[in-house]
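User: I would like to learn how to read a few features of a protein model. Could we take them one at a time?

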Amino acid sequence: MARHKLTEEEKAARRLSKEQAFDTVAKCLKHLSFAELEEVVALSLRYKKEKIGKEELRLIKEKEVIEQQLQKLKELDAK
């Protein structure tokens with residue numbers, strides 16, 4: 001499956017949208033109380049751990065597939 005190459009304009013638009021999203025979040029964080037900030041930090045840590053967990057599962061599954069392919073190749077090589 002080929003990936004779509006982005007043009008320079010598309011790259012600039014993506015960069016700009018990411019920067020705008022960050023600016024919006026930063027502006028909104030200024031108006032939160034300490035309790036609300038602690039809650040936001042806790043949620044962000046939870047989402048980060050979930051993302052890392054999903055990535056670990058994906059890598060484990062990929063490793064198992066590679067090990068199975070390697071085992072098949074060893075069996076074919078032994079014949």
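Analyst: This is a predicted model.

User: Which residue forms a salt bridge with Glu8?

Analyst: Look for a Lys or Arg side-chain nitrogen within 4 Å of a carboxyl oxygen of Asp or Glu. Here the partner is Lys11, with the closest N and O atoms 3.7 Å apart. Lys11 is partly exposed, at 36% relative accessible area. The two residues are three apart in helix 1, so about one helical turn separates Lys11 and Glu8.

User: How many salt bridges are there by this rule?

Analyst: The count is five. In helix 2 (residues 34–78), Glu50 and Arg46 lie four residues apart, about one turn, and their side chains meet at 3.3 Å, N to O. Glu55 and Arg58, also in helix 2, are three residues apart, and their salt bridge is 2.6 Å, N to O. A network of salt bridges links Glu55, Arg58 and Glu62.

User: What is the secondary structure of the protein?

Analyst: There are two helices and zero strands. The radius of gyration is 22 Å, well over the 12 Å that the globule rule gives for 79 residues, so the protein is more spread out than a compact globule. The C-alpha atoms fill a box of roughly 70 × 40 × 10 Å along the principal axes.

User: What share of the residues is buried?

Analyst: Buried means under 20% relative accessible area. In this protein, buried residues make up 0% of the 79.

User: Which residues make the nonpolar surface patch?

Analyst: Val25, Leu29, Leu32 and Val40 make this patch of about 270 Å². Among them, Leu29 lies in helix 1 (residues 8–29) and is partly exposed, at 32%.

Conventions:
Residues numbered from 1 in each chain as written. Predicted model: local features only at pLDDT ≥ 70, side-chain atom pairs only at ≥ 80, totals over all residues. Heavy atoms only, no water. Patch = residues over 30% accessible without salt bridge, like charges linked within 9 Å, V, L, I, M, F, W, Y side chains within 5 Å. Areas by Shrake-Rupley, 256 points an atom, 1.4 Å probe, with all protein chains shown as cover. Buried < 20%, exposed > 50% of the residue type's maximum accessible area, 1.4 Å probe, protein only. Rg over C-alpha atoms; globule rule 2.2 N^0.38 Å.
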